[in-house]
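Here is a walk through a two-chain model, one region at a time. Keep the viewer open and follow along.

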Amino acid sequence: MKYVNEDLWQDLPTRVENNFLSTLIDSIPALVGYIDCNMILQFCNQPFRAWFSLDGDSAGKAFPVIVGAQIFNQLQRHMGKVLMGERAHFQVSVYTANDLQFLDATLSPDFDDRKKVKGFIFHALDVTEKYRTERALKDYFENASIGLHWVNSDGIIIWANPAELQMLGYTEDEYIGHHISEFHAHKGAIKDILNRLSTGQVLTNYEAELLQKDGATRHVAINSSVLWEGDKFVHTRCFTIDITEEKLAAKALSASEQKFRMIANLVPLILWTFDEHGDCNFLSVRWKEFTGKDVEDGLGRGWNNFLHPNDKENVMRSWQRSASERKPFEAKFRLRNAEGGYTSYYTNSLPRYDAGGNFEGHIGILQNISTEEQIRASLEKIVLDKTDDLRKKNTELRIAEKALLQQNEQLENINNQLSSFAHVASHDLQEPLRKIQILSSQLFDIEGNKFSEKGKQLYYRIGSCSSRMRDLINDLLNFSTSSNDEGQFENVDLNSMIQEIISDLEVKITDKNAVIEIEELPRIRAIKFQFHQLFLNLLNNALKFSRVGLQPLIVIKSAIVDDSDLPDHRNKQGRAFYHITVADNGIGFDPKSSKKIFEMFHRLHGRSEYEGTGIGLAICKKIVENHEGLIVAKGRPGFGSTFHIYLPITGVNHN
Amino acid sequence: MEALKLNSEGWIKTSDHVFWGEIAPCEHVVQIYEDDEAFLDLLTGFISGALRAGESVVVIATAMHLESLDKRLEELETPISRLALKHQYIRLDAEKTLAKFMVNDWPDQNLFNQVVSELLVQAKGNGRKVRAFGEMVAILWAKGQVGATVRLEQLWNMFCETEAFCLFCAYPKNGFTQDASESLMHICTAHSKMVEGGKSGKDLFYRVV
């Protein structure tokens, strides 16, 4: 060491008498220097020289030059305090060529006899490594993803890292400086924690619930110990790990399992789960009910022992394949029941996986199907019996149908024969009848003058009878031809046809002074001669059954209706019909006879009152039906009659 | 002497005229001012009062403040040119003066004593009392050279003790941003009186440090 200011350091020789003190100061592991108020370095120790890369003789040099502007400017800020007689302690940072270095510096004033500051001692420790470590630690804790806080011996939080504040939602002011118990949901827990820590215990994964700022609770695992300085409790070091998600998940899982077990025990099935090795690890309580044995007896591979010996091999082989291939398993087998017998069961299962997609085994049901099996067998028997019955009935039906067809055929033959017979008979009858009429007429011409009155009457009666017989034969001939459905259908204009009929009946109409009103009639598809016969008969009847003293009035109308308007019970299909009416103001008839008048040879009046054969309306009915139509008569005695004819409209006959 | 009024914070109310009239030699007065007007008012009173009393004045200020001050003195019909010739009114640029004794950003005691001694010799002339205003400390303070500021104040104080002259310093208040209370305390304790206000003819508050 070298002392440059003898005035200032005149007493130093008494303080530093030998190299011992020099050696002692050099041995201090800190930078030590003495600077006067003019900023001249008076002396410094070896670490000081080493740190500032000084040569051996550095005393007397300007301190600002030695330490450099970076350090001196930082010292300046604290120098005022030192010059006023106070000690200043502060940290200095300096950028060197390679790195940032830190000094923990102290400036201590040195006073003269008048208590005036005459210089100061610079003392500094290189804390670069310590600072770096502290910074790294601080950075680590500040940026740690888990919460960390310190609590002093009074239970006051003295520090907390951002992760903890963020986890709970508090600001530093709302958290730090408060008692830790304010943030614990259970006061007993924090009391226990503090008690344990204060007695030197280390807490490992101590579970607690902390209160968030928003009032919610957060589950945490606390790992904590106390930093002791001798016997002094400095502060705790609590790592707070947020386990809320795990807790909630565990709670949900527990609730889910509980719910599953409850449901499993309620359903009338045996629910089971197998682990990934194919061992049964769960059976619902129905197992005991069904088998009479404890659930434990069926766990693991115990269920094998309940299988029917005949089913065992197949079931085991099938199950092993499903288990190893992680595929659904489905089987029917028999299990030994509580009574020692066997009951049929059906099982169905699916492989199950955890959230990570790892195979966990199978989950399935075991259903007692003995009742179903019995029902199925009964049903199968019923179906078989019914099928047999049906087969027999079908055979009978086919036989009956065949007989019916044969009968129809026979009937048709008979009908044809009858029709032919009627036709032939009518023709053959007409010939002798015409001869009778001709011969009797010749007889009357030749011998009529010789006839007595009685003979004349007989002659007239012969004529009358033969005329009636001719009419009867004609009507029978007409009736037989009207049933002939082989007639030619053609377009028929009813207006023209009615005019022709009126023309044929002109004499009769004139005699009766009848009025016939005809509205526009349709053009239809029909067998023409039959429809001519139909309207001829109806108009004839209208003229014939006119009322005495009343001018006959005949009205013929036509309209279009649908089948819902038809007075019969045929299947209504929304088909359109022509509704043709022939109404008169004649004598009418009793409504009770409205159906009978269409029967063959049915007469409502005596032959002496009204001539006729009783076949005309039967012919009309046959003709209309031959055209798939319907004819009905309505009337009242003294109020005329109306004949309603309904004819289906086809695309062809619709005008 | 006008009655002094003492308020609850220890501030004494007076007028600048009375304050500067009664100022004792060896007083080291400091003003922490909020605006230049207040500062220049008080400085003008400090100088004009001395000149009226036949004392000499040494003003070491920034160029801007020197210019403003000259105008004010001229408005008061102070013959500053004539007084300057007689070294009764010595005006120096603060930066230039600082450069004469600052070594490595630190006031060198010997150089300072030399510079100030020469000035005082000139100012005293034939035995005139001397008042000095120095703004160099404020410049150092503004640069953040706190230690150098306090050291310079101490050097002034030491000089005052031996040379017996009244010294006035002034700092802008906006310079006390860092560790204001502590810094202010250190500055204040280097002085004997602290002044607030100072507009000519208006009330002035001071307190003994």
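Predicted model: local features only at pLDDT ≥ 70, side-chain atom pairs only at ≥ 80, totals over all residues.

Strand S8 (residues 203-211) and strand S9 (residues 217-229) of chain A run antiparallel and are joined by seven bridges. Strands (E, at least two residues) and helices (H or I, at least four) are DSSP runs numbered from the N terminus, and two strands count as paired if DSSP finds at least two bridges between them. Look for A:Leu210, which sits opposite A:Arg218 in S9(A).

Residues are numbered from 1 along each chain as its sequence is written, while chains are lettered from A and ligands numbered from 1 in the order in which they are written.

The predictor gives the complex an ipTM of 0.84 and a pTM of 0.49. Chain B has a mean pLDDT (the predictor's confidence in each residue, from 0 to 100) of 84, with 86% of its residues at 70 or more. Over residues 1-8 of chain B, the pLDDT is below 50, and that stretch has eight contacts in the model beyond near neighbours in sequence.

## The five-stranded sheet

Still in chain A, five strands build an open, antiparallel sheet in the order S12-S11-S15-S14-S13. Strands S12 (280-283) and S13 (329-336) of chain A are at the edges with a single partner strand each, so one side of each has no neighbour in the sheet. The twist averages 25 degrees from one strand to the next; such angles run from 0 to 180 degrees between N-to-C directions, with axes fitted to C-alpha atoms, for helices over the stretch in contact. Three bridges tie S11 (residues 270-274) of chain A to S12(A), and A:Trp272 faces A:Leu283 across that pair. Helix H12 (residues 309-325) of chain A lies across S11, S13 and S15 (359-368) of chain A, at about 145 degrees to S13(A).

On S12 of chain A you'll find A:Asn281.

## Where the chains meet

The contact takes 15 residues from chain A and 17 residues from chain B. Helix H4 (residues 63-83) of chain A and helix H8 (residues 146-163) of chain B have axes that come within 5 Å and cross at roughly 35 degrees. Residues of H4(A) that meet H8(B) include A:Leu75, A:Met79 and A:Leu83, and among those on the H8(B) side are B:Val146, B:Val150 and B:Gln154.

## Buried parts

Helix H18 (residues 616-626) of chain A is mostly covered, with nine of its eleven residues buried. Among them are A:Leu617, A:Lys621 and A:Lys622. Just after H18(A), A:Glu628 has a positive phi of about 60 degrees.

Notes: Contact = placed C-beta atoms within 7 Å. Buried ≥ 20, exposed ≤ 12 C-beta atoms within 10 Å, placed from the backbone.
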